[in-house]
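This briefing covers salt bridges and strand pairing in one protein model. The notes after the structure are grouped by topic.

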Amino acid sequence: MAKILKIYPDNPQENLIAEVVKTLKSGGLIIYPSDTVYALGCNIFDIRAMEKLAQIKKIKLEKAHFSIICNDLSHLSEFSRPIDTSTFRYLKNNIPGPFTFILEANKNLPLAYKGKKTVGIRVPDHPIPQLIVQKLGHPIASTSIKDDDEVIEYSTDPELIAEKYDTLVDLVIDSGYGDNIASTIVDLTSGEPEIIRQGKGEI
């Protein structure tokens, strides 16, 4: 059964964030809030955890495109090829925020991302995922939680989410109701920003 931790953005307790980090370090899967929708996350360097994440999404890991959640721009050079000044400035002006930026990947990607030519980088404007990444010491892999409902695409109620994923994840962060609009995806691989999916946030 998944453990439920009530952590709120206005006062995230350090001991609870530490428990989340411990879960990630031991290969656990978490459900966490963001500035858009609730998401599934795991340790980006734990191949077994990444495989579990892919199983939940019912896809093969090599075909998965999980976002990389960072807490600032400092992780960019770890996973992406060098970017020009205008692209860096563009990112800086829109991070943190409800955007996923597609960049050209470098050869230092974690094992689960090997062979990928591009990578999706996200810095949510939300203290909880930012703190998790900061305390963990490196980014996490992430994918949005979609709902089976045809009207509401994304689940917003953390209690219902916890009930649904009870046997699939190790820990659920209840941070109150989430949003039901996913991030806007922006492709920066050509040098000019191209919106692939319009979601929350305007660019």
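Asp-35 is buried, with a relative accessibility of 10%. The model is a predicted one, and Asp-35 forms a salt bridge in it with Arg-122, where the closest N and O atoms are 2.6 Å apart. The two residues belong to distant parts of the chain, 87 residues apart. In total, the structure holds five salt bridges, and three of these, including the Asp-35 pair, are described below.

- Asp-35 sits in the loop between strand E2 (30-32) and strand E3 (39-43), while Arg-122 is in strand E6.
- Arg-122 has a relative accessibility of 6%, and because the cut-off for buried is under 20%, Arg-122 counts as buried.
- The 10% of Asp-35 falls under that cut-off as well.

**Strand E6 and its partners**

- Strand E6 spans residues 118-122, and four of its five residues are buried.
- Strand E4 (residues 67-69) runs parallel to E6, and two bridges join them.
- Within that pairing, Ile-69 has Arg-122 as its bridge partner in E6.
- Strand E5 (residues 99-104) runs antiparallel to E6 and is joined to it by five bridges.
- Thr-100 has Arg-122 as its bridge partner in E6.

**The Glu-19 to Lys-3 salt bridge**

- The side chains of Glu-19 and Lys-3 form a salt bridge with an N to O distance of 2.6 Å.
- This pair links helix H1 (residues 14-25), which holds Glu-19, to strand E1 (residues 3-6), which holds Lys-3.
- The two residues are 16 residues apart.
- Glu-19 is partly exposed at a relative accessible area of 24%.
- Lys-3 is partly exposed too, at 43%.

**The Lys-200 to Asp-179 salt bridge**

- Lys-200 and Asp-179 meet through their side chains in a salt bridge, at 3.0 Å from N to O.
- Lys-200 counts as partly exposed, with 29% relative accessibility.
- Asp-179 is partly exposed, with a relative accessible area of 23%.

Methods:
Residues numbered from 1 in each chain as written. Predicted model: local features only at pLDDT ≥ 70, side-chain atom pairs only at ≥ 80, totals over all residues. Heavy atoms only, no water. Buried < 20%, exposed > 50% of the residue type's maximum accessible area, 1.4 Å probe, protein only. Pairing = 2+ DSSP bridges. Salt bridge = Lys/Arg side-chain N within 4 Å of Asp/Glu carboxyl O.
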